[in-house]
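Colleague: Before I use this model, I would like to go through the terms attached to it. For each label, please give the value and the cut-off behind it.

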Amino acid sequence: MNDTLNLLKSHRSSRSYTDQPVTDQMLDEIIQAAWRGPTSMNAQEISLVVVRDAVRRARIAELAGGQPWIAQAPVFITLVIDFNKTRLGVEKTGQQQVIHESMEGFGVAAVDAGITLANLMMAARALGLGIVPIGGIRRNPQAMIELLELPPLTFPLVGLCIGHIATNAPQKPRMDINTFRHDERYDASRYPTAIDAYDTTIMEYWNQLGRSDGLTWSQNLGNSLKVVYFPEVRPAAASQGLTNDK
Ligand SMILES: Cc1cc2nc3c(=O)[nH]c(=O)nc-3n(C[C@H](O)[C@H](O)[C@H](O)COP(=O)(O)O)c2cc1C
């Protein structure tokens, strides 16, 4: 089997890190790999803020709702939507940028950030490091904006912990692949059976880990998706000029 495919198929999030540092050379390799990724319109509207300082990582761990692995892993990268950068190009031509006020702009930036995140994760794992993406930074985006000194037209969308793995977690099972892949046309008729089976499988996974607090997939989503779990995103984005009203 191909090494790249093996790496993709062996993905897992790691939440247990040693204090061994990630070398400058490793970090440079990881960032260069992600920097080569594609962006819509070649806008290159994603910027990374690398935080290695332990006190600042501890602060981010707290802002993300108490996630100790952010303080533990030696590197934390925030992926920033950066329409401040694109604005400079637009204004150089005497035009005024409006894309940052639109759903299209936010959506495109989220896709490009997702590609960047995936490439960062792959590159780090290719070097034998562990990773876990952190959406929890959107719990308090304004505090992240202040901590990272982000200017108007920027927004901290997602973060990533990178470090040497202390304990390797088993892979988390997925729902049947037929709920992921649809051929020719979408077919939801297979979902209820697959969800029932997955709810059982995920409980077996929690039991295997000795996690008595584990919930089924359905219970977990029932708790989290019945509310807008990060309600500060919209007002914080709007106050940065990302109004999402076009
Ligand atoms: C965009 C994104 C945000 C995430 N945010 C968090 C987070 O804040 N904290 C955390 O511990 N895991 C976070 N995760 C990791 C998911 O919980 C994890 O990917 C999922 O449970 C599947 O487990 P696996 O990655 O080990 O296969 C995030 C994942 C993604 C893709």
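**Labels and their cut-offs**

Modeller: Leaving out residues up to four places away in sequence, Gly-136 touches Ala-64, Gly-65 and Gln-67. Touching, or being in contact, means that the C-beta atoms, placed from the backbone, lie within 7 Å. This is a predicted model: local features need pLDDT of at least 70, side-chain atom pairs count only at pLDDT 80 or more, and totals for chains, interfaces and linings use all residues. Residues are numbered from 1 along each chain as its sequence is written.

Colleague: Why is Gly-136 called partly exposed?

Modeller: A residue is buried if 20 or more other C-beta atoms lie within 10 Å of its own, exposed if 12 or fewer, and partly exposed in between, with C-beta atoms placed from the backbone. Gly-136 has 19 C-beta neighbours inside 10 Å, so it counts as partly exposed. It sits in the loop between E3 and helix H7 (141-147). Helices (H or I, at least four residues) and strands (E, at least two) are DSSP runs, numbered from the N terminus.

Colleague: Which residues come nearest to the ligand?

Modeller: Of the 13 residues around it, these are Ser-13, Pro-133, Gly-135, Gly-136 and Lys-172. A residue counts as near a molecule if its C-beta atom, placed from the backbone, lies within 6 Å of it. Strand E3 (residues 130-134) gives the largest share of this shell, three residues. By type, the shell holds five nonpolar, five polar and three charged residues. For that count Ala, Val, Leu, Ile, Met, Phe, Trp, Tyr, Cys and Pro are nonpolar, Asp, Glu, Lys and Arg are charged, and the others, Gly among them, are polar.

Colleague: What makes E2 and strand E4 (residues 154-163) a pair?

Modeller: Strands pair if DSSP finds at least two bridges between them; E2 and E4 have eight, in the antiparallel sense. Ile-77 stands opposite Leu-160 in E4. Strand E1 (residues 46-51) and E2 run antiparallel and are joined by six bridges, with Ser-47 opposite Val-80. E3 and E4 are antiparallel too, over five bridges, and Ile-131 has Ile-162 as its partner in E4.

Colleague: What makes a set of residues a nonpolar core, and how many residues has the largest one here?

Modeller: Such a core is a set of buried Ala, Val, Leu, Ile, Met, Phe, Trp, Tyr and Cys residues joined through C-beta atoms within 7 Å. The largest has 45 residues, and Ile-70, Leu-120, Leu-160, Cys-161 and Ile-162 have the most contacts inside it. Helix H6 (residues 103-126) supplies the largest share, eight residues. Beyond four places in sequence, Ile-162 touches residues including Val-22, Ile-30, Ala-73 and Leu-129.

Colleague: Why is the protein chain called as compact as a globular protein of its length?

Modeller: The chain has ten helices and four strands. Its radius of gyration is 19 Å, close to the 18 Å that the globule rule gives for 246 residues, so the label holds. That radius is taken over C-alpha atoms, and the rule is 2.2 Å times the number of residues to the power 0.38.

How values were computed
Contact = placed C-beta atoms within 7 Å.
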